[in-house]
Amino acid sequence: MSRAFLVVIDSVGIGGAPDADAFFNDGVPDSGANTLAHIAQACAEGRAEDGRTGPLHVPTLDALGLGAAVRLTSGEDVPDLSAEPLGQNSDAPLGQASDTPLGRWGAATEVSPGKDTPSGHWELAGLPVPWDWTYFPKEIPAFPDDLVAKVCKIAGTDGILGNCHGSGTVMLDEFGPEHMRSGWPICYTSADSVFQIAAHEETFGLDRLLDLCERMAPVLHEMKIGRVIARPFVGAPGSFKRTGNRHDYAIRPPEPVLTNWAQDAGRKVFAIGKIGDIFSMEGIDDLRKGDDATLMTHLFDLVEDAPDGSLTFANFVEFDSLYGHRRDVSGYARALEWFDAELARLLPRLRGTDMLLITADHGNDPTWIGTDHTRERVPVLVAGRGAGSLGQVGFVDIAASVADHLGVQSHGPGRSFL
């Protein structure tokens, strides 16, 4: 029985979303954002030299069709990603640079009315979001009084800190010292449909923070806020640091998704990274977490050991969380080059009937104005199912294609491109 590995490289968009002008960063429409192309251009121009140097070096992803996918969807120049769709077959092994894409490649377009993590992942798993998410206004205070009162009641405090839009690291620097003095939780949001609570693991308590988030989640989910996120941190003023104990409390998908389809067909389903949180463990048998380096180890282990017929669904988040939101072009380029080198080692380990599909959930162009996600199409790179262009497809077609490869029934609106 065939195995499938669905890998999301979080926020690696390739530009060209047809509705980008309806999505904004600091009041500026996302039209023209292109995460991958703009990183490649910055590298070629010597503007991404922190911890790395020279042109963007991702020969394995390019050999699978990444550069060709960017040109297909946006027409933008992607320096040093030069594999062109000159033919449908090649004798060169995957994992080596090639003038012709050696995998199947294309670009996927999202229809859900959001450029956030749950919207992208749900649709990749076959379920476009069936409602409009609620977003908190970009003003101070950002949260209604009754919501703040519920947080205070559960936390046992007289107030909260933050109550605004903001970046997590900035929130810690600005409110962390007062949080440690008063014990008030730091509550903030972003352009996503999210309510985040940061608290010190030692002075506030990790278990207390998780309990607060878990009890607040139903209240916020009823409002159609997509996620409540616990953001624990440690350290002292001037040296606060987030820990790996983050936990997302996401709305459960209202209908079965790819993980359910596979599990209901008797297949083993493995989740790596944020996938368990995003889908509230729906259809998931085994969850493996950690930083991206640890997640890559988990992926290698599952390529080696996952049983026949299984689905592995992975998310590598640090492209987005560490580099996209922080507009760190060099860091993003380093992460892409690290992933590419790991992919070169991983591809030869796949079994003959395996399929590895690499995609993304949205964009986060580190050269763009603001600090939020960008509305973009995403790459679709497939190893193990021949070579050639897939053209333009939908996010939901990815779920249908993974189901097709596994030989399980698809229950969503997508169509297989295999």
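**Notebook: helix 1 and the annotated site**

I began with helix 1 (residues 35-44), which is mostly covered, with nine of its ten residues buried. The model I am reading is a predicted one. The buried residues of helix 1 are Thr35, Leu36, Ala37, His38, Ile39, Ala40, Gln41, Ala42 and Cys43. I looked up what covers them and found that helix 3 (66-74) and helix 12 (329-346) are included. I also checked the residues just after helix 1, where Gly46 takes a positive phi of about 75°.

Next I turned to the annotation. UniProt, in an unreviewed entry, places the feature "binding site" at Asp10, Asp361 and His362. These positions are spread over 353 residues of sequence, yet they cluster in space, with a largest C-alpha distance of 7.3 Å.

I took Asp361 and located it in the loop between strand 14 (355-359) and strand 15 (378-383). Its relative accessible area is 0%, so Asp361 counts as buried, the cut-off being under 20%. Leaving aside neighbours within four places in sequence, I listed its contacts, among them Asp10, Ser11, Glu110, His121 and Phe395. The Asp361 side chain reaches the backbone nitrogen of Ser11 at 3.0 Å.

I then looked at His362, which lies in the loop between strand 14 and strand 15. His362 is buried as well, because its relative accessible area is 1%. Not counting residues up to four places away in sequence, His362 touches Asp10, Ser11, Lys115, Asp116, Asp320 and His373, among others. Last, I noted a polar contact of 3.1 Å between the side chains of His362 and Asp361.

Methods:
Residues numbered from 1 in each chain as written. Predicted model: local features only at pLDDT ≥ 70, side-chain atom pairs only at ≥ 80, totals over all residues. Heavy atoms only, no water. Buried < 20%, exposed > 50% of the residue type's maximum accessible area, 1.4 Å probe, protein only. Helix = DSSP H or I, 4+ residues; strand = E, 2+ residues; numbered from the N terminus. Contact = heavy atoms within 4.5 Å. UniProt positions renumbered as here; feature names shortened; annotations may be inferred. Polar contact = N/O pair within 3.5 Å; in protein donor to acceptor, adjacent residues only side chain to side chain.
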